[in-house]
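Here is a short briefing on one protein model. Keep the structure open and find each residue as you read.

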Amino acid sequence: MPANNYNPTPPISLRNLMSSGIIMEGVVDEELMPKGSVSWAVNVHGDRIGSATVRSGITILGSQITASKNIVGLHQFLDTGSGTNDILIAVVGTVAYALISGTWTSKRTTLTDSTKSRFTNFVDLVFMVNGIEAMQSWNGGAGNFSTTNVTSAPVAKYIDNFRSRVWAAATTSLPSRLYYSSVADASGVVLWTGSDSSYIDIAPGDGEDLTGIKKFGSAIYAFKNSAVYRIFSINQSEPDPQISVGTYSQESINVAKDGMYWHHPSGIYRLRKGETNPVEISRPIYDIIKNITRANYSEIASWNDDDHVNFHVGNVSVYGITLTNCVVRWTISTEIWTIYSYSVPLIIGNSYDISTGIFRVVGDNDGTVYTFDSGNDDNGVAINYELETRWLNLSGLRSEKKTIRKMAAIHEDTVGANIGWRNGTMNRLEIQPIGQLGNQETILNSLEVEGNRIKLSVKGSSSAGSSVFQGWEILEWLNESTLDPK
């Protein structure tokens, strides 16, 4: 039908991308989707508010340690004063290594193969447990892990420090017991024997074992699968939990600048200081949360930076699409979610503070540690990204059919990406091609993009960095309900 048989329609700007993050279709009806939200996006974020920026990559740190083995422990040794503060520890296979002058150097051997290790820094030592071998400590110097300050300590799975003591939890025979050392004396000595050490049993008869401990605010929090108990001192603890969602993974528990976060099968939760109950924050991405496999509950790992909390949730299938090595990222300042997919599984993460800056490091299943958010690709592998808008009515009424004839795609350094579309009769695998991005304001003419509701998409691959997609401008479109009968 000739265009002059239709009433004129004004151009429409679709430039506010990602300011409300990802809100998935199974969560909110299309009529209520905020204008700044998208229903699907992988490997782009909204830190530049109003646009979609391709994420940064990962870069190998040092060299591969041991092939075909998980990184099962990752921690930074820290001490006081002028001591050595920049030593990263990684556990892989049967050995604990320290990164010394760029080289991974053995510091503890004969560990049980591929057993998760946990650490805490206290009195200028780092204490290490794995639930099988005896607790040991290390001072960050030329020597190796030893028995300093750990004589008679429990063979525990979890460890932290709180109120001038070391706390260790969950032995094989007593999986609900939380032990504490003596208070460190003036020379930094702590004891685990006689009247100098004791324990608290955390609901030992409830059928659940401890799954993690974490110091936060004025308490140490003891996690089980379905509850969290607070311990305020050696003389004050909760006999019954105030928090009724626990975790299956110690590594999912993370203290960021605004609170403590963790994963539970029902969602990802945040607890702020002074709050009694946590808040579920993951509802916008619930379609992913509900599809995390049961086997991955105990493997979820998290890490944070100055404005984000990341959770590696494994391979997740949603909408017929498999997100490989999926990481979901919460932005603290804007309270939005983004979704990433990596070339390798990032099964553990931590901070790494050295003189040149504070970095985040992650470990994979092939004995390699990487600097996170570093470089423009995943250690040599290009980053594939995609984004699809929420459903667009254009006229405001779904009952009206529309046809887009001409549009502009607006971007910076995203040359070669593919623009596509689909309407309400097409599924996610039926995206129709429109064209490729060229200059920063790519004009796309002679289009037949039609439907009562329409989604626009962009998809590409990047290894150059600085790729920013800013949205679309609908320059010519028709509303077929305004057909002139003349």
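A search of the whole structure finds 14 aromatic pairs. The model is a predicted one.

**Aromatic pairs**

- Trp 167 and Tyr 180 form a tilted aromatic pair. Their centres are 5.2 Å apart, and 45 degrees lie between their planes.
- Trp 167 belongs to strand 15 (residues 165–169), while Tyr 180 belongs to strand 16 (residues 177–180), so the pair ties together parts that are 13 residues apart in sequence.
- Both Trp 167 and Tyr 180 are buried.
- Trp 330 and Trp 337 also pair up, with ring centres 5.2 Å apart. Their planes meet at 50 degrees, so this pair is tilted. The reason is the cut-off: planes under 30 degrees apart count as stacked, over 60 as edge-to-face and the rest as tilted.
- Are these two Trp residues buried or exposed? Trp 330 is buried, because its relative accessible area is 4% and buried means under 20%. Trp 337 has a relative accessibility of 1%, so Trp 337 counts as buried too.

**Charges over rings**

- Arg 177 lies over the face of Tyr 199. The distance to the ring centre is 3.5 Å.
- Arg 283 has its charged end over the ring of Tyr 286. Here the distance to the centre is 4.7 Å.

**Strands 7 and 8**

- Strand 7 covers residues 71–77 and is mostly covered. Of its 7 residues, 7 are buried.
- How many bridges join strand 7 to strand 8? There are 6 bridges, and the two strands run antiparallel. Strand 8 spans residues 87–92.
- Look for Gln 76, which stands opposite Leu 88 in strand 8.

**The cavity**

- The whole structure has 1 cavity of 30 Å³ or more, according to the search. The largest cavity holds about 30 Å³ of space.
- What lines the largest cavity? Its lining is made up of Val 44, Ala 52, Val 54, Tyr 385, Val 458 and Phe 469.
- By class, this lining has 6 nonpolar residues. It has no polar and no charged residues.

Technical notes: Residues numbered from 1 in each chain as written. Predicted model: local features only at pLDDT ≥ 70, side-chain atom pairs only at ≥ 80, totals over all residues. Heavy atoms only, no water. Buried < 20%, exposed > 50% of the residue type's maximum accessible area, 1.4 Å probe, protein only. Helix = DSSP H or I, 4+ residues; strand = E, 2+ residues; numbered from the N terminus. Pairing = 2+ DSSP bridges. Phe/Tyr/Trp six-rings, centres within 6.5 Å; stacked < 30°, edge-to-face > 60°. Lys NZ or Arg CZ within 6 Å of the ring centre and 35° of its normal. 1 Å grid on protein atoms, 1.4 Å probe; cavity = no way out; pocket = protein on both sides within 12 Å on 5 of 7 lines; lining within 4 Å. Points joined across faces, edges and corners; volume = space filled by probe spheres on them. Nonpolar A, V, L, I, M, F, W, Y, C, P; charged D, E, K, R; others polar.
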